[in-house]
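Take a look at the sequence and the fold, then read on.

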Amino acid sequence: MAKPTAPVLSGGKALSLSEACFGQERNDALVHEVVKSELSARRQGTSSTKTRGLVAGGRSKPWRQKGTGRARAGSTRAPQWTGGGVVFGPQPRNHTGKVNRKARLKALRTALSAHAGAGSLHAVDGGSFDEPKTSKAAELFAGLQAPVWVVVAPDEVNLAKSVRNLDRVFVANVGELDVADVVMARTLVVSKAALAALEGGESS
């Protein structure tokens with residue numbers, strides 16, 4: 001198996017990548033588990049319904065127990081009544097699921113390796129952006145398949161500002177990169193500083 005490499009968008013020699021980070025074999029089950037956990041954690045979990053004890057009104061018995069010919073009823077806020085409470089409805093909850101740190105790191109490296117193997121991983125020199133310049137970024141990213149995820153180091157503010165206004169281009173800090181973002185990206189662009197952080201395991 002050839003050593004993984006990443007072409008540099010500005011031209012020049014392709015960067016040699018670490019096999020430990022960008023040469024992992026496919027593990028669809030692990031990646032699916034981690035992506036499902038990350039997407040669940042993004043849910044707000046604010047859906048809420050009122051039970052019969054929370055709905056206003058219905059304190060008095062609507063009619064006497066016997067003699068009316070109608071079914072017994074104790075409250076107009078019972079679930080079978082219009083305007084009544086909801087049975088087993090959704091309540092506010094936390095959808096976050098636990099994933100072991102090492103499992104998440106392996107899933108991230110597996111997803112990165114898939115991009116490296118498919119040729120959809122590119123490197124960019126964040127230091128070449130002395131100031132935010134969207135036109136320069138647009139010229140570099142021309143021809144890349146969208147959606148494009150750009151991974152930057154925390155101090156590469158100029159690069160992040162240069163690409164954030166491009167259509168279907170998204171920016172992620174290397175320390176906050178999700179496996180779901182890597183999987184959904186058609187093209188992954190990583191700065192040289194972010195590459196060093198990924199290979200050093202700092203993103204874990």
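Below we go from the overall outline to the packing inside.

This is a predicted model, where local features need pLDDT of at least 70, side-chain atom pairs count only at pLDDT 80 or more, and totals for chains, interfaces and linings use all residues. Residues are numbered from 1 along each chain as its sequence is written, and side-chain values use heavy atoms, with hydrogens and water left out.

The protein has 7 helices and 6 strands, where helices (H or I, at least four residues) and strands (E, at least two) are DSSP runs numbered from the N terminus. Their order is β-β-α-α-α-β-α-β-α-β-α-β-α, starting at the N terminus. With a radius of gyration (taken over C-alpha atoms) of 27 Å, well over the 17 Å from the globule rule (2.2 Å times the number of residues to the power 0.38) for 204 residues, the protein is more spread out than a compact globule. Its C-alpha atoms fill a box of roughly 95 × 40 × 25 Å along the principal axes.

Now for the inside. Buried (under 20% relative accessible area, 1.4 Å probe, protein chains only) describes 38% of the 204 residues. A nonpolar core is a set of buried Ala, Val, Leu, Ile, Met, Phe, Trp, Tyr and Cys residues joined through side-chain atoms within 4.5 Å.

| Core | Size | Members include |
|---|---|---|
| Largest core | 31 residues | Phe22, Leu112, Leu121 |
| Another core | 14 residues | Ala137, Val150, Leu159 |

Beyond its neighbours within four places in sequence, Leu121 is in contact (heavy atoms within 4.5 Å) with residues including Phe22, His115, Leu188 and Val190.

Technical notes: Buried < 20%, exposed > 50% of the residue type's maximum accessible area, 1.4 Å probe, protein only.
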